[in-house]
Amino acid sequence: MKRVMMEIGLLVVGLSFAGLHTLVCYRLFGLVATLVIVGVQIVIALGIVWIKIRAPD
């Protein structure tokens, strides 16, 4: 049960950090640049997930 709570806590912290990162990008660069930055990061993350699924360690 402790491990599950740790995973949920890390998930919440990660989502909060992602939201804060998006807000800071929006304040610094505006809407279009934020969409580009977040879009590139999502594409990179999807690529990493795809590689991990195709060739697990």
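**Opening question**

Is the crossing of helix 1 and helix 2 right-handed or left-handed? The crossing is right-handed; a crossing is left-handed if the near helix is turned anticlockwise from the far one by less than a right angle, and right-handed if clockwise.

**Basis of the report**

This is a predicted model, in which local features need pLDDT of at least 70 and side-chain atom pairs count only at pLDDT 80 or more, while totals for chains, interfaces and linings use all residues. Residues are numbered from 1 along each chain as its sequence is written, and side-chain values use heavy atoms, with hydrogens and water left out.

**Helix 1 and the residue after it**

Helix 1 covers residues 2-29, a run of 28 residues. Helices here are DSSP runs (H or I, at least four residues), numbered from the N terminus. From its first C-alpha to its last, helix 1 reaches 40 Å, close to the 40 Å expected; the expected span is 1.5 Å times one less than the number of residues. Just after helix 1, G30 takes a positive phi of about 95°.

**How the two helices meet**

The axes of helix 1 and helix 2 come within 7 Å and cross at roughly 140°. Axes are lines fitted to C-alpha atoms, for helices over the stretch in contact, and angles run from 0 to 180 degrees between N-to-C directions. Helix 1 is therefore oblique to helix 2 (under 35 degrees is roughly parallel, over 145 roughly antiparallel, 65 to 115 roughly perpendicular, and the rest oblique). Contact (heavy atoms within 4.5 Å) involves residues including H21, T22 and F29 of helix 1 and I37, V38 and Q41 of helix 2.

T34 lies in helix 2 (residues 31-54) and counts as buried because its relative accessibility is 5%. Buried means under 20% relative accessible area, exposed over 50%, and partly exposed in between (1.4 Å probe, protein chains only). The side chain of T34 reaches the backbone oxygen of G30 at 2.6 Å. Not counting residues up to four places away in sequence, T34 touches T22, C25 and Y26.

Y26 belongs to helix 1 and is partly exposed, at 43%. Leaving aside neighbours within four places in sequence, Y26 is in contact with L31 and T34.

Methods: A polar contact is a pair of N or O atoms within 3.5 Å; within protein, one must be able to donate a hydrogen and the other to accept it, and residues adjacent in sequence count only if both atoms are side-chain atoms.
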